[in-house]
Amino acid sequence: MPQLIVETKGLTRRFGEQVPVNEVNLEVPEGKIYGFLGPNGAGKTTTIKMLLGLLRADAGTIRMFGQEMPENSLDILRKVGSLVENPSYYGHLTGYKNLKILSTLLKLPDRRIGEVLEIVRLTSSADRKVSGYSLGMKQRLGIAAALLRGPQLLILDEPTNGLDPAGIQEIRHLMLSLAHDQGMTILLSSHLLSEVDTIADEIGIISSGRLVYQGALELLERRRGKVLEFAVERPEEALRTLLLQGFAVERKGNMLSVSAEKASMPQAELLKLLGPYGIMNVREISKSLEELFMELTGTGVSL
Amino acid sequence: MMWRALRAEGMRLKPAARWLPVISSGLFIAFMALEWYLYFKGPAGVYSVFNVMYMFLGFIMLLNTALLAGMIAGLEHESNSWKQLLTLPVSRAVFYWAKALWVLVLLLCTVLLITAGLLLLWVCYTSEPLPFQFLIKQIVYSFLASTAVLGLQMWLSIQFSNQAIPMSIGLLGAVSGLFIARDSGAALWTWVWPWAYPTLSSPFMAHPGRWIGISAGLGMVLLAAGTLHFKNKQF
């Protein structure tokens with residue numbers, strides 16, 4: 001069991017009647033990429049702001065690197081690089097100067113600025129004013145600022161917001177190399193499952209302030225059910241037989257959909273049972289992760 | 001740490017904040033020259049410049065305080081930078097004081113420029129002896145007595161993300177200072193009216209030291225309270 005870099009217990013934040021973050025127990029293991037997922041307004045940013053000490057928790061505890069937050073905020077923040085919501089930048093200054101301000105405050109050598117500019121490929125635009133940057137460049141500058149202090153934990157809130165597909169791909173590669181080559185722990189929030197499922201080791205899904213799933217991505221994949229669709233000649237009788245055997249079946253014309261929670265579906269058994277009713281066609285449909293995500297977060301219903 | 005915070009603050013200063021002392025003191029001096037040229041002729045007339053200064057020094061100091069605090073704090077609001085700065089391993093108090101000190105430094109620049117400008121104007125315009133001590137006292141006192149308003153404006157400018165609010169309050173306050181300058185006695189309410197202090201602490205008045213002391217004391221209290229509030233502010 002690897003050490004937990006971020007651990008919250010019963011983390012709660014209230015806002016009047018609403019509870020944007022409700023008893024969240026986050027567990028981010030060391031050296032992993034943790035995908036923090038949830039639809040817009042589910043409480044991702046609020047949770048992240050509490051981790052960073054920008055907001056106070058109304059209840060619950062936060063431990064980062066084994067220390068209490070916000071009591072030891074200066075010690076903890078030394079090891080954390082972050083980018084929350086839209087990037088912060090001084091438009092009237094160059095990209096280099098923006099980073100220089102941070103490196104002065106952090107007491108870092110100037111060569112570090114060149115290094116992070118190189119990582120996010122902004123070296124050639126370093127001497128231009130940031131107000132002239134594209135959204136993607138501003139986002140990359142924000143990541144450079146987060147990387148400046150060589151953090152052990154990187155917290156990025158929707159870092160691919162507003163980026164084009166190439167930019168998103170680039171950020172993914174960057175995350176992978178930071179986590180796997182440098183052993184950095186990365187907490188990455190997103191409202192799109194497809195955006196993190198290729199890189200995250202662990203995921204947490206938050207919905208209406210509650211953490212509805214947390215664990216390895218493979219475990220989640222195992223939870224997605226499968227549906228077998230049979231087209232049979234005598235659906236009436238086939239349906240009766242299957243229901244008697246205790247299967248969950250739905251009928252649409254001569255189509256029977258048999259769903260099973262487990263991946264290990266007794267396919268052979270089904271074929272044997274349905275054989276006498278004249279099978280014309282068999283189709284296997286598996287739910288996409290995206291559908292599962294919708295189910296978990298209940299966003300399939302709204303809108 | 002404070003020194004590094006001050007340097008970082010200086011790097012991101014907006015050009016307008018750098019130029020404000022130059023522009024405001026330039027206008028002030030030009031206004032004095034105009035008054036001289038139009039109204040105050042002859043050897044006795046030259047000294048009336050101190051009366052005109054008495055009217056407007058406080059106004060210029062108070063207005064500059066509000067504008068500078070607004071520009072220096074407003075920069076972080078408009079660039080969305082608070083969340084980046086405050087997740088640095090730097091105490092929030094350091095940021096607050098670095099900003100307040102920069103406002104003070106730029107106000108001090110205004111003081112130096114007004115003094116230098118007036119000396120130059122005097123030398124060019126007249127050969128009457130210059131009461132140098134009085135001139136320095138008048139300008140420096142009004143600067144020192146602006147501390148209370150500095151504490152107030154810093155607080156407002158950091159709390160409000162829309163700088164129109166603190167700047168309007170600052171402008172109205174500075175205008176109210178103009179009227180107090182025309183009022184003969186210090187009424188009771190001027191004791192708690194921080195915009196009255198620069199005018200009341202003119203060497204023309206009876207107890208300039210007292211008003212400077214009150215202003216500095218109140219300024220420190222307001223800065224400390226503002227720091228405390230900022231430390232607990234949520235973003």
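A residue is buried if its relative accessible area is under 20%, exposed if over 50%, and partly exposed in between (1.4 Å probe, protein chains only). At 4% relative accessibility, A179(A) therefore counts as buried. This is a predicted model, in which local features need pLDDT of at least 70, side-chain atom pairs count only at pLDDT 80 or more, and totals for chains, interfaces and linings use all residues. Residues are numbered from 1 along each chain as its sequence is written.

A179(A) lies in helix α6 (residues 165-182) of chain A; helices here are DSSP runs (H or I, at least four residues), numbered from the N terminus. Contact means heavy atoms within 4.5 Å. Leaving aside neighbours within four places in sequence, A179(A) is in contact with G31(A), I33(A), M184(A) and I186(A).

A nonpolar core is a set of buried Ala, Val, Leu, Ile, Met, Phe, Trp, Tyr and Cys residues joined through side-chain atoms within 4.5 Å. The largest has 131 residues, of which M64(A), I155(A), M175(A), I203(A), L220(A) and M154(B) touch the most other members. Helix α6(B) gives the most to this core, with 14 residues. A second, separate core of 14 residues includes L228(A) and F230(A).

In chain B, the axes of helix α1 (residues 2-11) and helix α6 (residues 92-125) come within 9 Å and cross at roughly 60°. Axes are lines fitted to C-alpha atoms, for helices over the stretch in contact, and angles run from 0 to 180 degrees between N-to-C directions. Angles under 35 degrees count as roughly parallel, over 145 as roughly antiparallel, 65 to 115 as roughly perpendicular and the rest as oblique, so α1(B) and α6(B) are oblique to each other.

Methods
Chains are lettered from A and ligands numbered from 1 in the order in which they are written. Side-chain values use heavy atoms; hydrogens and water are left out. Helices (H or I, at least four residues) and strands (E, at least two) are DSSP runs, numbered from the N terminus.
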